[in-house]
Amino acid sequence: MIDKSDIGMWEKLRRHRLAYYYILPSAIVMALITAFPILYQIWMSFTNFNITNLRNPHPDFVGLGNFIKIFTNKVPLENFNFWRIFAFDVFWTFSNVFLHVTIGISLAVALNTPRLALKKFYRTLLVIPWAVPSYISALIWKNMFDVDFGAVNQILSNILNMTVKIPWLTNPNAPIKIFPFLSYAFYADLITNVWLGFPFMMVVATGALQSIPHEIFEAAEIDGVNERGKFFKITLPLIRSAMLPAIMLGIVWTFNQFNVIYLVSGGGPLGTTEILVTQAYKIVNPGGLYGVASAFGLIVFFILLAITLITNRITRATE
């Protein structure tokens with residue numbers, strides 16, 4: 001006996017088979033390049049897959065062993081502490097995104113001033129950090145933080161009229177005592193990533209600002225609203241729908257900002273600037289622990305999923 005619901009499904013497939021034929025090639029390609037690696041990674045995360053299994057892919061099943069190793073800090077990496085790195089990664093992400101949004105909106109509002117001369121030139125100039133490949137910017141900034149020949153120390157020396165030799169990338173101590181877990185290298189990474197990240201928020205905010213009818217601001221002026229009131233009661237509420245998805249995207253990008261951390265500070269000194277994604281990389285290279293790294297990747301995915309859902313719930317970004 002044939003189920004009526006199955007008849008309905010097969011009838012729909014038969015009627016629309018031409019459309020399915022059209023998308024079949026792309027569906028096969030997507031399955032090969034996207035779905036298969038994801039499923040393979042999930043399988044590897046439950047095995048002891050290591051470098052010896054590259055030629056003989058028959059590792060032993062270890063269940064949740066890789067996840068337990070990660071959560072109990074038993075991964076054979078120097079200075080590995082999952083919970084410390086996770087807390088640092090969260091702080092790193094939200095401090096960066098806060099500065100990206102604040103600077104981006106401030107510049108967008110400033111450049112949205114009517115009758116401002118050379119407005120297009122300024123906008124083009126400020127987008128350059130975003131246009132340059134991030135790994136090139138990161139390498140340039142790393143050289144700029146050199147203790148002896150870097151531009152940052154030389155500029156500070158000229159400003160303060162004294163020789164400044166701040167060991168930005170080698171001193172594990174905290175320059176600001178109220179943040180004892182933040183070494184000099186954190187501030188070097190922060191400056192680099194803020195320089196890279198604010199143009200995106202500025203571009204999004206600029207687009208949102210230009211969609212606000214100017215008559216609203218004129219009506220507010222007639223009602224006696226000052227500039228601060230117009231910003232908090234008109235500008236921010238009306239650009240909110242554009243900024244919130246950009247902020248969520250910025251959180252995901254910054255949480256996994258491999259280029260800046262790895263190329264500027266290398267996660268050092270003494271692992272003080274490691275984030276989860278740089279640790280995952282080091283588990284593979286030079287660790288060769290592919291099973292543990294796969295489990296690490298899944299953990300990072302679920303952390304980002306949780307952060308995104310919580311942020312979406314609080315901000316109602318998709319409503």
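Visitor: Which helices each supply at least two residues of the lining of the second largest pocket, and which of them gives the most?

Guide: This is a predicted model. In it, α4 (82–111), α10 and α13 (290–315) each supply at least two residues of the lining of the second largest pocket. The helix that gives the most to this lining, with 7 residues, is α10.

Visitor: How much space lies in the second largest pocket?

Guide: By class, its lining has 11 nonpolar, 3 polar and 1 charged residues. The space in the second largest pocket is about 260 Å³.

Visitor: Which residues lie nearest the centre of the largest pocket?

Guide: The largest pocket has a volume of about 420 Å³. Its lining draws at least two residues from each of α8 (184–210), α9 (214–222) and α10 (227–255), and the lining divides into 6 nonpolar, 5 polar and 4 charged residues. Of the 15 lining residues, those nearest the centre are Asn112, Pro114, His214, Phe217 and Glu227.

Visitor: Against which helices do the buried residues of α12 pack?

Guide: Helix α12 covers residues 276–284, and its buried residues are Leu276, Thr278, Gln279, Ala280, Lys282 and Ile283. These buried residues pack against α4, α10, α11 (258–265) and α13.

Visitor: Are the rings of tryptophan 43 and phenylalanine 49 stacked or edge-to-face?

Guide: The ring centres of tryptophan 43 and phenylalanine 49 are 6.3 Å apart. An angle over 60 degrees between the planes counts as edge-to-face. The planes of this pair stand at 80°, so the pair is edge-to-face.

Visitor: Is tryptophan 141 buried or exposed?

Guide: Tryptophan 141 lies in helix α6 (residues 134–144) and its partner, tryptophan 195, in helix α8, so the pair ties together parts that are 54 residues apart in sequence. Tryptophan 195 is partly exposed, with a relative accessible area of 31%. Buried means under 20%; tryptophan 141, at 12% relative accessibility, therefore counts as buried.

Notes: Residues are numbered from 1 along each chain as its sequence is written. This is a predicted model: local features need pLDDT of at least 70, side-chain atom pairs count only at pLDDT 80 or more; totals for chains, interfaces and linings use all residues. Side-chain values use heavy atoms; hydrogens and water are left out. On a 1 Å grid over the protein atoms alone, a cavity is a set of points where a 1.4 Å probe fits but cannot get out, and a pocket is an open set with protein on both sides within 12 Å along at least five of seven lines; lining residues have an atom within 4 Å of a point. Grid points are joined across faces, edges and corners, and a volume is the space filled by probe spheres set on the points. Helices (H or I, at least four residues) and strands (E, at least two) are DSSP runs, numbered from the N terminus. Ala, Val, Leu, Ile, Met, Phe, Trp, Tyr, Cys and Pro count as nonpolar, Asp, Glu, Lys and Arg as charged, and the others, Gly among them, as polar. Buried means under 20% relative accessible area, exposed over 50%, partly exposed in between (1.4 Å probe, protein chains only). Contact means heavy atoms within 4.5 Å. Rings of Phe, Tyr and Trp (its six-membered ring) pair if their centres lie within 6.5 Å; planes under 30 degrees apart count as stacked, over 60 as edge-to-face and the rest as tilted.
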